[in-house]
Amino acid sequence: MTQKVAVLGTGKIGEALLSGMIRAGWAPSDLLVTARRPERARELQERHGVTPVTNPEAAKTADTLILTVKPQDMGTLLDELAPHIPADRLVISGAAGIPTSFFEERLSTGTPVVRVMTNTPALVDEAMSVISAGSHATADHLATAEEIFGAVGKTLRVPESQQDACTALSGSGPAYFFYLVEAMTDAGILLGLPRDKAHDLIVQSAIGAAVMLRDSGEHPVKLRENVTSPAGTTINAIRELENHGVRAALIAALEAARDRSRELASGNN
């Protein structure tokens, strides 16, 4: 943890990553940040003790650069960075849909690039970060990315060809669960419960179900069957979900998210 790491375009996820790294043992003095607004950079410095720098300064100084700007802003950022990044710098991209080749074509020949798709549970150290190597990234580069993103949750290595699918499943995944909780809360209100009680019931049920999925080793079908008594309440609810095509809608939704990730990669913003 003696290397210098710079987070460029530090928004909520970037700040969560910084905070997690500090808790995991990185010295704030080894962490650099850039932000579009000077007041945001000062805020990060005051809150975490990290050092605000310009994008070119980060490129010249840091051993690892983590680019967390929006996909549509990545080309402009790379144009600014390219003259200043030596070929031995590790560049980590957190932008959805953008392949490592996009970076390799704009940076010095041989620059190692690692693509990472994380998600918003990084804010509570429960992220799922999916990591893929570019053409010049080695096992050591992947290990560095795992060490950094492991500070805010779990990591998983996949071939880059699977990144769009992972973006659809886990990158966007928290939103699907929030959407489901929102719908179930509305249903609870319709059934006569106050909103706060409906919310508490659903959130704790979600937490309990997630822990069982993680820790039991059981297939989700088995866990569902354990709740589903013959001619009981649950099977009636499941029948309505099937009648309304919820399973098919989820599959179609994830396909749409994957396709949008591919569109971003092709430059269709």
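Which hand does the crossing of H7 and H12 have, left-handed or right-handed? In this predicted model, the crossing of H7 and H12 is right-handed. Helix H7 covers residues 163-171 and helix H12 covers residues 246-265. Their axes come within 8 Å and cross at roughly 130°.

On the H7 side, the contact is made by Asp 164, Ala 165, Thr 167, Ala 168 and Leu 169. H12 contributes Leu 254, Ala 257, Arg 258, Ser 261 and Arg 262.

Helix H8 (residues 173-190) packs against helix H9 (residues 195-215) at an angle of about 135°, and the two axes are 9 Å apart. H8 and H9 are therefore oblique to each other. The crossing in which H8 passes H9 is right-handed. From H8, the residues making the contact are Val 181, Met 184, Thr 185, Asp 186, Gly 188 and Ile 189. From H9 they are Arg 195, Ala 198, His 199 and Ile 202. The contact of H8 with H9 divides into five nonpolar, three polar and two charged residues.

Next come the aromatic rings. A pair of aromatic rings is described by the distance of the centres and the angle of the planes. The count for this structure comes to one aromatic pair. Phe 102 and Phe 103 form an aromatic pair, with 5.7 Å from centre to centre and 80° between the planes. The pair is edge-to-face, because planes over 60 degrees apart count as such. Phe 102 has a relative accessibility of 19% and so counts as buried, since the cut-off is under 20%. Phe 103 is buried as well, with a relative accessible area of 0%.

Helix H5 spans residues 100-104, and Thr 100 is found in it. Thr 100 is buried, at a relative accessible area of 4%. Not counting residues up to four places away in sequence, Thr 100 touches Val 113, Arg 115, Gly 134 and Glu 160.

Another threonine, Thr 144, is found in helix H6, which runs over residues 139-149. Its relative accessible area is 16%, so Thr 144 is buried. Leaving aside neighbours within four places in sequence, Thr 144 is in contact with Gln 3, Thr 64 and Leu 90.

The last stop is a strand. Ser 129 is found in strand E7, residues 127-133. Ser 129 is buried, with a relative accessible area of 0%. Which residues does Ser 129 touch, not counting residues up to four places away in sequence? They are Val 116, Met 117, Thr 118, Phe 149, Lys 154, Thr 155 and Leu 156. Ser 129 can also be placed relative to Gly 173, 44 residues apart from it along the chain: the C-alpha atoms of Ser 129 and Gly 173 are separated by 12 Å.

Notes:
Residues numbered from 1 in each chain as written. Predicted model: local features only at pLDDT ≥ 70, side-chain atom pairs only at ≥ 80, totals over all residues. Heavy atoms only, no water. Axes fitted to C-alpha atoms, helices over the stretch in contact; angles between N-to-C directions. Helix = DSSP H or I, 4+ residues; strand = E, 2+ residues; numbered from the N terminus. Left-handed = near helix turned anticlockwise from the far one by under 90°. Contact = heavy atoms within 4.5 Å. Phe/Tyr/Trp six-rings, centres within 6.5 Å; stacked < 30°, edge-to-face > 60°. Buried < 20%, exposed > 50% of the residue type's maximum accessible area, 1.4 Å probe, protein only. Parallel < 35°, antiparallel > 145°, perpendicular 65-115°, else oblique. Nonpolar A, V, L, I, M, F, W, Y, C, P; charged D, E, K, R; others polar.
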